[in-house]
Amino acid sequence: MKKLLAGCAFVLASVVTLAQNPIICDRYTSDPAPYVHGDTLYLFVDHDEDVTENNFFTMKDWLLYSTVDMVNWTYRGTPLTGETFNAWAKTDNDCWASQCVERNGKWYWYVTATVKNGGYPGIGVAVADHPAGPYKDAINHPIVQGWGKIDPTVIIDGTRAYLFYGNNALWYARLSNNMTSISGSEIEVNTKNETYFGPFKGYNDDQTPKTNFEEASWIYKRNGKYYLEYAAGGVPEHWAYSTADRIIGPWTYQGKIMGTADNSFTIHGGSVEYKGHYYLFYHNGKLPNGGGYKRSTCVEEYTPNEDGSIPFIEATTTGVSPLQTLDPYELQEAETINQCQGVKCMGDYTGCYVTNISSGDYIKVRNVDFGDAGAQSFTAKVKADRTCTMYIRLTKTGTARGTVTIEPTNGEWQEVKCDLRTPITGTQSIFFTFSGSGASLFDFDSWQFSQAPMAIEDTPASTSNAQPEATYNLSGLPINTPLPNTIKVVQGRKVLE
Ligand code: FUB
């Protein structure tokens with residue numbers, strides 16, 4: 001903590017990037033904690049507010065995103081806030097690093113918070129039946145508390161689970177089977193030697209602090225070996241790791257994994273294996289207007305060496321490759337996003353959507369497989385207070401392949417549709433862009449393409465002649481003046497003009 005404070009005096013200028021890293025674009029997300037469950041990679045993150053208070057970390061809640069392809073990330077809500085821990089913790093700030101794990105069907109989300117009324121940091125735990133919640137404080141008090149007791153990481157090792165935590169010192173403790181209390185006492189690990197043994201008995205001046213352990217411990221087991229990754233070096237931090245044959249140590253320092261983070265004096269992250277690939281998550285300050293208190297999650301892929309050691313990993317802006325394509329003919333959540341600008345995702349375990357959409361904003365979805373036949377029409381579920389337009393493009397500023405006119409929906413979610421000017425085929429990135437006057441044009445819940453032209457419902461089929469019976473704009477609503485691309489219903493079939 002004291003070293004963090006020392007590094008808090010600066011916030012570097014923002015750098016705009018259009019590349020893949022950072023991977024979450026609708027907010028500043030810090031201290032990423034990935035967790036693989038079944039086919040899905042969940043990403044539990046902290047949240048740096050858009051407006052920094054008192055030139056320090058301003059963090060009021062924790063967020064969840066998920067992916068199945070590593071390039072499109074779905075916002076899954078804001079399952080925890082400071083209020084979740086109001087029985088003991090300060091509720092309006094200090095929602096610091098966390099990690100969530102599943103055991104026996106329950107999700108345990110360990111967080112750093114600050115004990116009320118000027119107390120020390122503490123580690124709380126919330127429990128839920130589903131990763132997106134709803135969560136409740138499992139015990140209404142911290143599991144541990146004290147100076148430097150932040151940044152929890154958990155390992156379930158056979159029938160035992162352990163909690164590691166600490167800043168400028170490292171402790172661990174065995175968790176009880178209920179995952180919400182400590183079994184026995186906490187043990188401080190000596191992190192000051194290259195090979196370090198617990199319990200910590202204090203260190204002498206002649207003990208060189210080769211590990212430079214700072215904070216952000218991240219523990220896991222791979223091929224029978226325990227790995228402890230962590231932020232090291234004081235501030236600015238780099239990412240390093242140690243290994244051990246037993247959970248109790250001795251731990252042996254193995255070296256640096258990544259250099260200091262771009263535009264952030266912290267780097268907190270963690271490695272995970274997913275679908276046969278190895279990824280290192282970390283944060284930097286590279287979203288527009290980002291910095292040390294407005295950090296953003298990034299990810300890199302790496303290949304462990306033959307002996308299990310972790311290579312030095314370069315931080316990139318290109319990030320990682322997709323693991324699979326996204327099917328545009330299935331209903332997709334609007335909050336499944338590769339890159340975006342301006343928009344925000346909202347909601348909770350009951351449902352999420354994209355909001356705060358203004359003219360000039362965009363949402364990019366990557367690696368969308370339209371197939372050879374291609375898509376002919378598009379449907380979106382929206383809620384709007386005013387008339388505005390959504391465009392479907394293959395590049396951010398390219399020709400619109402579809403144009404959806406959105407009319408006010410009287411506070412209801414409503415489907416709007418359009419036919420595409422020409423079918424979209426092959427594997428593409430798609431961009432949704434927007435225009436209209438004023439902020440918060442509409443809310444966007446989901447979308448789906450179809451290989452058939454747009455279906456006009458509630459339109460009686462004509463059997464008598466081939467004359468147009470009705471004219472619809474591209475939102476599927478009747479209009480008086482046809483737009484350049486309009487639908488005419490001829491003998492019950494829709495025809496694009
Ligand atoms: O996000 C607040 C603090 O910054 C975390 O707890 C540390 O690990 C550092 O990333």
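Colleague: What distance separates an oxygen atom of the ligand from an N or O atom in the side chain of Asp-31?

Modeller: In this predicted model, where residues are numbered from 1 along each chain as its sequence is written, local features need pLDDT of at least 70, side-chain atom pairs count only at pLDDT 80 or more, and totals for chains, interfaces and linings use all residues. Side-chain values use heavy atoms, with hydrogens and water left out. The distance for Asp-31 is 2.5 Å, and this counts as a polar contact because the term covers a pair of N or O atoms within 3.5 Å (within protein, one must be able to donate a hydrogen and the other to accept it, and residues adjacent in sequence count only if both atoms are side-chain atoms).

Colleague: Which distances do Asp-151 and His-268 show to an oxygen atom of the ligand?

Modeller: A polar side-chain atom of Asp-151 lies 2.5 Å from an oxygen atom of the ligand, and for His-268 the distance is 2.7 Å. As for cover, the ligand on its own has 270 Å² of accessible area, and the protein covers 100% of that area, where areas come from the Shrake-Rupley method with a 1.4 Å probe, and for residues only the protein chains shown count as cover.

Colleague: Which cavity does the space taken by the ligand correspond to?

Modeller: That space is the largest cavity, a cavity being a set of points, on a 1 Å grid over the protein atoms alone, where a 1.4 Å probe fits but cannot get out.

Colleague: Which residues surround the ligand, and how many of the shell residues are nonpolar, polar and charged?

Modeller: Surrounding the ligand are Asp-31, Phe-57, Met-59, Trp-96, Ala-97, Asp-151, Glu-215, Ala-216, Thr-266, His-268, His-283 and Arg-295, where a residue is near if one of its heavy atoms lies within 4 Å. They divide into five nonpolar, three polar and four charged residues, because Asp, Glu, Lys and Arg count as charged, while Ala, Val, Leu, Ile, Met, Phe, Trp, Tyr, Cys and Pro count as nonpolar and the others, Gly among them, as polar.

Colleague: Is Ser-30 buried or exposed, and what does the side chain of Ser-30 contact?

Modeller: Ser-30, in strand β1, has a relative accessible area of 0% and is therefore buried, since buried means under 20%, exposed means over 50%, and partly exposed is in between (1.4 Å probe, protein chains only). The side chain of Ser-30 makes a polar contact of 3.4 Å with the side chain of Arg-295, which is one of the residues around the ligand.

Colleague: What makes Asn-93 count as buried or exposed?

Modeller: Asn-93 has 12% relative accessibility, so the residue counts as buried, and its place is in the loop between β5 (80–81) and β6. A polar atom of the Asn-93 side chain lies 2.8 Å from the backbone nitrogen of Met-59, and Met-59 also belongs to the residues surrounding the ligand.

Colleague: How do you know whether Asp-245 is buried or exposed?

Modeller: The relative accessibility of Asp-245 is 59%, so Asp-245 counts as exposed. This residue lies in the loop between β18 (238–244) and β19 (251–258).

Colleague: What is the phi of Asn-367 and of Ser-440?

Modeller: Phi is positive, about 65°, in Asn-367, and positive, about 50°, in Ser-440, although neither residue is a glycine. Most residues other than glycine have a negative phi, and most peptide bonds are trans.

Colleague: Which form, cis or trans, does the peptide bond take from Asn-21 to Pro-22 and from Gly-133 to Pro-134?

Modeller: The bond from Asn-21 to Pro-22 is cis, with omega near -5°, and Pro-22 lies in the loop between α1 (2–6) and β1 (28–37). The bond from Gly-133 to Pro-134 is cis, with omega near 10°, and Pro-134 lies in the loop between β8 (121–128) and β9 (136–137).

Key
1 Å grid on protein atoms, 1.4 Å probe; cavity = no way out; pocket = protein on both sides within 12 Å on 5 of 7 lines; lining within 4 Å. Sits in = over half its atoms within 2 Å of the grid points. Helix = DSSP H or I, 4+ residues; strand = E, 2+ residues; numbered from the N terminus.
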